[in-house]
Amino acid sequence: MPSYQYRELSVDLDKKNNVAEALSHTLHISLDSIQNLSIERLSLDSRKRGAPHWSYNVFFDTEKTLKPQHGLFKKESETKNDLIVDSVDVSSLIHVIGAGPAGLWATLHLLRRGFQVKLYEQGKPVESRFRDIRRFFNDRHFNPTSNVLFGEGGAGAFSDGKLNTRSRNLFSQTVLEDMVHLGMSKEILYFSKPHIGTNKLVLLLRALRQEIIDLGGEIFFESKLEDIEITNQQISKIKINNSWLDCDTLVLAPGHSARDLYELLNEKGVTLEAKGFAMGVRVEHPQALINERQFGKNVDIDLTGSAEYALTAKTLKDTSSAYSFCMCPGGVLVPCASEQGALATNGMSHSHRKGPLANGAIVVPVQAGKSLWDGLNHQRRLERIAYEIGEKSYSAPAQSIEAFLNKKRDSIDLPKSTYPCGLTPNNIWDWMDPYICKSLAEGFLSFERKIPGFIKYGTIIAPETRTSSPIRILRNLDTLESVSTKGLFVLGEGAGYAGGIVTSAADGVRFALKAKKLH
Ligand SMILES: Cc1cc2nc3c(=O)[nH]c(=O)nc-3n(C[C@H](O)[C@H](O)[C@H](O)COP(=O)(O)OP(=O)(O)OC[C@H]3O[C@@H](n4cnc5c(N)ncnc54)[C@H](O)[C@@H]3O)c2cc1C
């Protein structure tokens, strides 16, 4: 029976699940003649303002011979190139550092392949971590190892839970399938912009922890990697909570904020390099404004979900560009620093995304520094100034976009914000780098043309510094092993090769699928 693909099948907003009916109607064939219908991709098409609709890519079989027409393709045979992976020799006992997406997924798949794995995380299980974060929002008592960035689930645990990847491959598909196996909705397998929100991420992490334990894995919380020993360019020992352990294979998945670990690795002669990243601010707008500008008036948001934006603007004679990053519809802002005396912003949301405000980072690329530490010092400088401006209470420097464009502090009260520790009215130009501010200003003018009201109704909350790592731990691109140190494998965002929840987790899967027992 011939197999086909139909791309961009239009389905009415209120008939999301009537895919077969829509296909039958579009192709003028009976419902009965459509067999083995499966969904490859689902997205919300809002290009025509005022008339958003669902857009599906589907596969199906039919005995009917279909005439060529727009959107219809013969199904191509699948290639399994991605399955061909090189083997990497590792010991049967593997020590993994960091219970973020990269470390957790490496652990899960190593265990499934019969390895013994010990996973160490400096922070706490997600339930206790949640309590520490709530306490921090209330009493501002910062815990350097249990916070929005550190603890079970890593930086991704208190997020919007966007599960986007730039490209889907075997490894990212495996991560999404694991998530479905662990209780998440099947829709994440084909939705173009899946997200699950913090509330569901917590459930996912608990299920994943149980799966790891059931497979015989050991997870050690509040266990920090403090030192390493390298003998003849091979990892030989690790120090966890003041105890030295023998170690032939160490997997480091420490995330982009493990600044003390970068210092340790550099001191021990592990090869690191400076890399470019991005910095800027977070902006907050009424979600109703974004909904109306993206979808048009009178659209039922219960059917579409809150609207998103993804904005870019070429600025400063095209040498630099401002762009939106990590937008959280109906979300809340969170202070996210990993060090005492520093303030950085980020955003998270719940699965329903029904909060009254939308937030998103607007950032500008920062070139790799001349020295290894330039980028990290740059982040730190802005975070410390912001902390001082907020009188050491995590109140964040804030300015309306209108006042920012006039380079003046606001003279009237700022609108209500979701940021939990208060706002301090301030002129961001006074302390943020002029080239960043100039690019942001040009970006806002450009975004106003795309979303009228972006300037008038927008509030800036600053600074957004932790977009990705300013440092890369150099690795062999095939084996994922450090170029300088044998037995040391570096994964995820902290290694500088991945960014985002699924991509970092996929890096963990990739390593686990390559691993081959040496002894
Ligand atoms: C607030 C926020 C919202 C985000 N929203 C999204 C989103 O919606 N979608 C998305 O795709 N991405 C999002 N991100 C980015 C995403 O979370 C990261 O890209 C991802 O978590 C990186 O995974 P990782 O495993 O490489 O590192 P991490 O998640 O950073 O995990 C590293 C872990 O290692 C631990 N660690 C570090 N050093 C040591 C040590 N010495 N000893 C023991 N443990 C150590 C840390 O405590 C941490 O738990 C968000 C990030 C933040 C901060």
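Helix α2 passes α13 in a right-handed crossing, the term for a near helix turned clockwise from the far one by less than a right angle, with anticlockwise being left-handed. This is a predicted model, in which local features need pLDDT of at least 70, side-chain atom pairs count only at pLDDT 80 or more, and totals for chains, interfaces and linings use all residues. Residues are numbered from 1 along each chain as its sequence is written.

Select residues 101-112 for α2 and 501-514 for α13. Helices (H or I, at least four residues) and strands (E, at least two) are DSSP runs, numbered from the N terminus. The two axes come within 7 Å and cross at roughly 35°. Axes are lines fitted to C-alpha atoms, for helices over the stretch in contact, and angles run from 0 to 180 degrees between N-to-C directions.

Next, show the residues that meet, including Trp105 and Leu110 in α2 and Phe511 and Leu513 in α13. Contact requires C-beta atoms, placed from the backbone, to lie within 7 Å.

Now move to the sheet. Four antiparallel strands form an open sheet, in the order β2-β3-β1-β4. Strands pair if DSSP finds at least two bridges between them. Select 35-45 and 72-74 to see the edge strands, β2 and β4, each pairing on one side only. From one strand to the next, the twist averages 20°.

Leucine 44 stands opposite tryptophan 54 in β3.

Finally, select 19-27: this is helix α1, lying across β1 (3-11), β2 and β3 at about 100° to β1.

Note on methods: Contact = placed C-beta atoms within 7 Å.
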